[in-house]
Each structure stands twice: as C-alpha cells, then as structure tokens.
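Open the model in your viewer and keep the selection panel at hand. This tour goes stop by stop.

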Amino acid sequence: MAALRLDGVVHDYLRGRQPVRALNGVSLTIGGGQCVSVLGPSGSGKSTMLHVMGALDIPSEGRVFIDDTDLAALDDDALSDLRRRRVGFIFQFFNLLPALTAWENVAVPRLLDGVKPGSVREEAMALLERVGLADRAEHRPGELSGGQMQRVAIARSLIMDPGIVLADEPTGNLDSRTGDELLDLLASLAHDGSERSVVMVTHSMDAALRSDRAVLLTDGEVAGDGVPGDVVAKFIGEGRRP
Ligand SMILES: Nc1ncnc2c1ncn2[C@@H]1O[C@H](COP(=O)(O)OP(=O)(O)OP(=O)(O)O)[C@@H](O)[C@H]1O
C-alpha cells in the first residue's frame, strides 16, 4: 500500500490578484519505510509540496492520497482528523509551547485529543527516552539547546504514531554535528520496522545524501527523483549552469 501519493498536483497562491504557481503538475508516490529528501532552489515549491502532502493545504488541482484515501473526498473534520492521526510535522523553528515542559510538549497532540495528562505521561516519557532526552523531561524549551528542542519536536511528531512524518528544514537552525545526529534519528523513524514514511525538505546536500531517495523540485515541477547522489549531482550541476 502506498503511504503517500500525489497525482498531477497543481497549487496556486494569490499574490494580490495575481496567481503564483507554486506546484505545476507534481506526481509522486512514496512508499512506507522510506526516508525521502526534497531539494530545490528557493521558491521551487518544496514547502508547498510538504503542506499539500500533510493536508495543511488543499491543492488547486490534482489529487493527494494518504494510505489510499483521496483527501478530496474528506470534509474539513475528517481531513483534520486524518492530519492529526496519520501525519507528524517537524518544523525548522521547533514550534514548541514555551510554558510547557518537554514531556508536556510531546503530549500536546494527545491532550488535544481529550486524553488526560496522567494517562499520556508514560508514552511521552518513552518517546523522550527514544530521542535521548529522558533526563530533560521536566525542562521547558527555554532551558534546552536547539538540538534538544528539535528532539522534543521529533518525539511530539510520534505521539500519535503517524504513518507519515513531514519535516521542513529540520536541521536548518542547528550546527552541522547536531544536525547530522538528528538526521540519523529522522532516518531511523522510517527504518525502525514501522513502515513509516519520512519526507524532509532540506537545503543541506549532506542531509539529502543520507536519505534513501531524493526528489528535486525546480519551478514547481519534479526535475529529478531517485538515488540521492545522482539527484544532488543534478541539482549542483543546474546551479552551476550560466
Ligand atoms: N502564502 C503564500 N502566498 C503567496 N505566494 C506564496 C505563498 N507561499 C509561497 N508562495 C510562493 O510560492 C512559491 C513556492 O514557495 P515555497 O515556499 O513552496 O518554496 P520553497 O522551495 O519551499 O522555498 P524556500 O526554499 O525559500 O523555503 C514561491 O514563489 C513563493 O513566493
């Protein structure tokens, strides 16, 4: 079963009255157990594609399927339910709640689901342990380093046990050594036998080279898709072209 499929996806934004085409006919299938990086120049549509994949945005044209469910067939409630349960998000600036401790931040999606803090604490603690932060459970984000905050965000992305994890520049705000450790952690989310798909937008060639597959976007279109080394070489080659 394909975890994620885009079929002829077009997405336009309005800038004033002018439509701006961010995605121009993207078709892509991402199976379970893969860590896929998305590369491309600034403005090529990477974040837009991630938002469409995670049902944060509805495409102007084309279809998006998550686990063979056509998102166009869902009403708003069903769509947000699917987003909450099936998709975990990780952002460049962590998006943690400053007043909550690390374990409470991890628990937030379950608390929003109506679960009592007492019954989710253990699950949140287990996830913090998984990301190597069990000893920081009672710390607030302001008391954590960037890498530690991103680990909390990764643990939070897993609390609903999603089939898909989408990460937008997850190491963009971290030094390279911390970034590398987090990339290994992210890849492990796809390789832990869960058949989870991990898709990460990145400007880092290192990050792309560590993934299982790379997709290159140029002007809202798929310009490369395959072995990371080949796709990175294509991207770098295009950048050098006069
Ligand atoms: N909310 C918006 N309103 C209008 N235009 C937008 C909006 N968001 C993105 N765009 C435009 O859509 C295009 C694709 O943007 P997107 O953010 O998806 O690219 P990106 O590849 O992620 O860029 P970057 O690497 O700089 O983050 C760009 O031309 C951008 O200016």
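Bear in mind that the model is predicted.

**Stop 1: the ligand shell**

Select the ligand, then the residues around it. Pick Tyr13, Arg15, Val20 and Ala22. Colour them by type: three are nonpolar, seven polar and two charged.

Which elements give two or more residues to this shell? They are strand 1 (2-15), strand 2 (18-31) and helix 1 (46-53). Helix 1 gives the most, with three residues.

**Stop 2: the nonpolar core**

Move to the largest nonpolar core, which has 64 residues. In soluble globular proteins, nonpolar side chains tend to be buried together. Select Val106 and Val198; these two touch the most other members of the core. Now show helix 5, residues 146-158. Helix 5 gives the most to this core, with six residues.

Stay on Val106 and show its contacts, leaving out residues up to four places away in sequence. Val106 touches Ala124, Leu127 and Leu128, among others. Val152, Ala155, Arg156 and Ile159 complete the list.

**Stop 3: Gly193**

Go to the loop between helix 6 (176-191) and strand 8 (197-201), and select Gly193 there.

Gly193 and Gly33 are 160 residues apart in sequence. In space, their C-alpha atoms are 7.3 Å apart.

Methods:
Residues are numbered from 1 along each chain as its sequence is written. This is a predicted model: local features need pLDDT of at least 70, side-chain atom pairs count only at pLDDT 80 or more; totals for chains, interfaces and linings use all residues. A nonpolar core is a set of buried Ala, Val, Leu, Ile, Met, Phe, Trp, Tyr and Cys residues joined through C-beta atoms within 7 Å. A residue is buried if 20 or more other C-beta atoms lie within 10 Å of its own, exposed if 12 or fewer, and partly exposed in between; C-beta atoms are placed from the backbone. Helices (H or I, at least four residues) and strands (E, at least two) are DSSP runs, numbered from the N terminus. Two residues are in contact if their C-beta atoms, placed from the backbone, lie within 7 Å. A residue is near a molecule or strand if its C-beta atom, placed from the backbone, lies within 6 Å of it. Ala, Val, Leu, Ile, Met, Phe, Trp, Tyr, Cys and Pro count as nonpolar, Asp, Glu, Lys and Arg as charged, and the others, Gly among them, as polar.
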